[in-house]
Amino acid sequence: MEKKQVTVPITGMTCAACSTRIEKVLNKMDTVEANVNLATEKAAISFDPNQVDETDLTGKIEKLGYGVELEEVSLDIKGMTCAACSARIEKVLNKQEGIQQAVVNLAGETASIRYNPLLTGTDEFIERIRKLGYDASPRKSREENAKSKNKGIRLMQLKLLLSALLSLPLLATMGGHLDLYEVPHFLMNPWVQLLLATPVQFLIGWQFYRGAYHSLRSRSANMDVLVALGTSAAYFYSLYEVIRFQGSGHMPALYFETSAILITLILLGKYMEKVAKGRTTTAITSLVGLQAKEATVLRGAQEEKIAAAELVQGDIIIVRPGEKIPADGIIVKGSTHVDESMLTGESIPISKAVGDNVAGATVNANGNIQVKVTHSNDESVLAEIIQAVERAQGSKAPIQRFADRVSSFFVPAVIVISIITFAVWILLVNPGEVAPALTAAIAVLVIACPCALGLATPTSIMVGTGKAAEAGILFKGGEQLETAYKVDAVVFDKTGTITQGRPQVTDINGEALHLSEAIALEKQSEHPLAQSFVQYGEEHSLPVQEVETFENIPGRGIKGIVGGTAILIGNSLLMSEQKLPFEDFKKQADMLEKDGKTVMYLAADKKIEAIIAVSDALKPDAAEAIKLLKSQGIRTVMLTGDNQRTADSIAAKVGIDTVFAGVLPAGKADRIAALQQEGFTVAMVGDGINDAPALAAADIGIAIGTGTDVAIEAAGVTILGGDLRLVPKALGYSAKTIRNIKQNLFWALAYNSAGIPVAAIGLLAPWLAGAAMAFSSVSVVANALRLKRQLKER
């Protein structure tokens with residue numbers, strides 16, 4: 001009995017009782033041996049697949065109230081030639097049990113698969129793909145992929161050169177047939193033409209036969225089927241004519257040049273397409289190039305040079321002025337300024353001292369520092385950014401579903417049209433004449449191009465997301481990229497988004513006898529305004545008090561007991577709820593709020609003794625960002641828990657249209673839902689952490705982060721560096737990318753819609769049809785590359 005062994009991530013475990021419970025239940029099943037590790041949150045399970053079904057294991061775990069975490073794997077796929085190939089692979093994978101979603105990217109030649117590890121695995125995916133006639137393997141490193149692609153391009157160059165050398169003499173014979181010029185007599189010999197055409201047809205063109213065989217075997221049809229049918233018809237009809245007219249003294253009607261030139265032109269188109277596609281991923285190459293190659297690590301008292309990739313958590317590295325910081329870490333010695341522009345776009349170096357975080361690939365501007373490594377290269381901020389870009393480039397936009405639907409029936413439809421064309425010509429147009437009927441049918445087969453349809457969306461997405469990443473904008477995927485251009489209302493959080501998120505105490509009115517107690521209480525709070533109290537206490541050396549109780553009251557303030565005194569700090573709403581009169585301070589509070597300051601009341605033992613005003617400076621780019629959004633016809637809204645007067649003052653300074661003040665955290669999502677009900681497509685801009693419900697409720701969430709602390713997974717779009725001007729820029733990138741996709745789809749459809757009828761009525765020679773087919777894909781990729789220049793100009 002051979003047992004199957006799997007390691008499964010388990011979600012929902014909180015303590016040893018959970019892991020023990022799962023282990024106990026699983027081990028009661030026949031042939032099952034399970035070991036559940038709470039620390040790693042994984043279960044190692046071995047079982048006899050003949051007696052236990054994987055779905056039973058999943059069911060047992062889920063019945064206990066836990067879950068089996070889905071895993072994700074990326075595969076490299078070789079052998080895809082058109083949209084029909086990628087659509088076929090995707091369809092087969094998505095039918096497989098245990099796969100939640102499979103997305104195949106024709107332009108990137110990759111597949112991204114989310115699956116239940118208990119039900120299926122990578123080996124099964126690869127086996128399925130290989131059965132379809134393609135090759136698949138786990139995603140290699142970028143360096144290995146680059147070498148493999150360069151090797152593939154060199155092989156294509158060689159095949160193209162050989163094909164051209166054999167085909168050009170045949171091309172010359174076309175002029176002889178038309179009496180345009182004198183052709184060497186031996187080239188007009190049918191046997192010489194057969195000798196030249198055969199290697200092109202069956203050696204160089206074998207890839208089309210192989211692809212067609214595998215496609216038909218899996219009951220589908222792709223570009224290879226069209227090419228194999230078209231060229232074979234021309235070749236075998238010519239061979240028949242050679243044999244038929246042997247020794248007759250008459251010159252047979254030959255089409256060897258048609259089959260050979262078709263294959264050569266298609267190879268040329270594929271070669272140009274491959275080279276052009278390589279240029280769509282330069283953003284990834286640029287990001288990878290930012291990484292430091294070497295690091296100076298401290299071993300005892302000795303310095304040692306090692307590869308940056310070899311650094312591990314806990315290493316102490318020395319970084320001198322002008323050097324790149326090799327890995328994410330925390331400064332343990334020295335101070336400096338760090339240039340984070342390559343990650344955030346912020347050109348001014350940031351001051352850093354002991355205890356501050358630094359990100360790998362940023363540049364140490366002027367000081368000698370020692371950094372303790374906190375994340376290896378694979379887990380760094382830059383690595384996260386690269387992975388985010390790769391995921392986005394491998395994802396599908398909803399607009400691509402249209403191309404996928406068309407591709408699924410495109411090739412069979414073309415074959416039917418070709419057969420009808422042949423029948424019409426041989427029965428009605430030129431009854432009994434095979435040559436013109438065959439010419440028109442071949443032209444129909446080879447002019448149709450599903451490749452252009454398949455490349456229309458992914459090439460533009462790869463360029464758009466790549467250029468956006470270079471500007472400090474990370475789109476989570478194609479869906480987010482497509483949604484962003486539809487946005488007509490942008491909602492901003494106030495603190496840390498419109499303002500800098502570094503509030504300071506500016507005014508204290510009244511007798512703040514218990515200010516040190518209030519500061520002690522604020523130290524327990526995570527609210528951004530609390531830090532202003534703590535900073536004030538440190539600057540004025542106020543004594544540190546011991547907190548006995550603490551309670552956070554969302555949207556209101558905080559309360560607790562410090563040194564035996566009941567302390568209450570919060571807004572007027574909190575004071576009203578606690579039935580504490582604050583009329584004596586109302587006039588002063590109104591004046592401070594009109595000035596854009598946030599006012600909080602300090603009460604001790606149920607008596608208000610002072611009001612404290614806190615001001616948070618506006619971001620210098622906030623007003624310009626709002627102006628840019630308005631110029632695009634977008635409504636701007638601000639949500640804040642602050643009072644109406646303060647919120648109105650800040651909104652007026654930056655030019656925001658609508659303000660919703662006094663909104664509790666839970667109510668922000670409701671406000672967004674209300675805007676959506678009015679018909680708006682809403683983007684929510686926040687910090688990605690405190691605004692999670694609102695970000696999730698919006699049509700698209702935009703998280704503002706910094707180079708060293710950014711929640712890339714928190715929202716559909718992440719803005720690195722906190723520059724609000726990147727918000728309208730992100731919407732602009734989306735609009736230009738979607739416009740480029742629509743152009744690609746239009747030309748791909750227009751080309752096929754116009755080309756097939758023209759070929760069917762006999763106005764297009766097969767070799768011209770083949771040239772048009774070859775260059776239609778190139779034109780789509782070239783248009784996507786044009787997007788690079790358009791986005792660079794922004």
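Into which domains is the protein divided? In this predicted model, the division runs through domain 1 (4–68), domain 2 (71–139), domain 3 (142–279), domain 4 (294–376), domain 5 (472–499 + 618–737) and domain 6 (501–617).

**Where domain 2 meets domain 3**

The contact between domain 2 and domain 3 draws on 16 residues from domain 2 and 14 residues from domain 3. Together the two domains bury about 1,100 Å² between them, and 39% of that area lies on carbon and sulfur atoms. On the side of domain 2, Thr81, Arg88 and Glu109 supply 39% of the area buried against domain 3, which is more than any other three residues. Strand E5 (residues 71–78) and helix H3 (83–95) each supply at least two residues of the side of domain 2 that touches domain 3, and H3 gives the most to that side, with 3 residues. As for charged and polar pairs, the interface of domain 2 and domain 3 holds 0 salt bridges, while 1 residue pair is found in polar contact across it, with both residues at pLDDT 80 or more.

Of the 7 residues of E6, 5 are buried, so the strand is largely enclosed by the rest of the structure.

**Salt bridges along the chain**

Side chains of opposite charge can pair when their charged atoms come close.

| Salt bridge | N to O distance |
|---|---|
| Arg139 and Asp76 | 3.0 Å |
| Asp315 and Arg299 | 3.4 Å |
| Asp657 and Lys630 | 3.1 Å |

What does the salt bridge between Arg139 and Asp76 tie together? Arg139 and Asp76 meet with their closest N and O atoms 3.0 Å apart. Arg139 lies in the loop between strand E8 (135–138) and helix H5 (142–177), whereas Asp76 belongs to strand E5, so the pair ties together parts that are 63 residues apart in sequence. Arg139 is partly exposed, with a relative accessible area of 38%, while Asp76 is buried, with a relative accessible area of 7%.

The side chains of Asp315 and Arg299 also meet in a salt bridge. This pair links distant parts of the chain, 16 residues apart, with Asp315 in the loop between strand E10 (302–307) and strand E11 (316–319) and Arg299 in strand E9 (residues 294–299). Asp315 counts as buried at 9% relative accessibility, and Arg299 counts as partly exposed at 38%.

Asp657 forms a salt bridge with Lys630. Asp657 is placed in the loop between helix H23 (644–654) and strand E27 (658–660), and Lys630 in helix H22 (residues 622–631), so that distant parts of the chain, 27 residues apart, are linked. Asp657 is partly exposed, with a relative accessible area of 43%, and Lys630 likewise counts as partly exposed, at 36% relative accessibility.

Finally, Lys586, Asp590, Glu593 and Arg645 are joined in a network of salt bridges.

Methods:
Residues are numbered from 1 along each chain as its sequence is written. This is a predicted model: local features need pLDDT of at least 70, side-chain atom pairs count only at pLDDT 80 or more; totals for chains, interfaces and linings use all residues. Side-chain values use heavy atoms; hydrogens and water are left out. A salt bridge is a side-chain nitrogen of Lys or Arg within 4 Å of a carboxyl oxygen of Asp or Glu. Helices (H or I, at least four residues) and strands (E, at least two) are DSSP runs, numbered from the N terminus. Buried means under 20% relative accessible area, exposed over 50%, partly exposed in between (1.4 Å probe, protein chains only). Domain bounds come from an automatic or database domain assignment. Contact means heavy atoms within 4.5 Å. Buried area is the accessible area (1.4 Å probe) that two parts lose on being put together, summed over both. A polar contact is a pair of N or O atoms within 3.5 Å; within protein, one must be able to donate a hydrogen and the other to accept it, and residues adjacent in sequence count only if both atoms are side-chain atoms.
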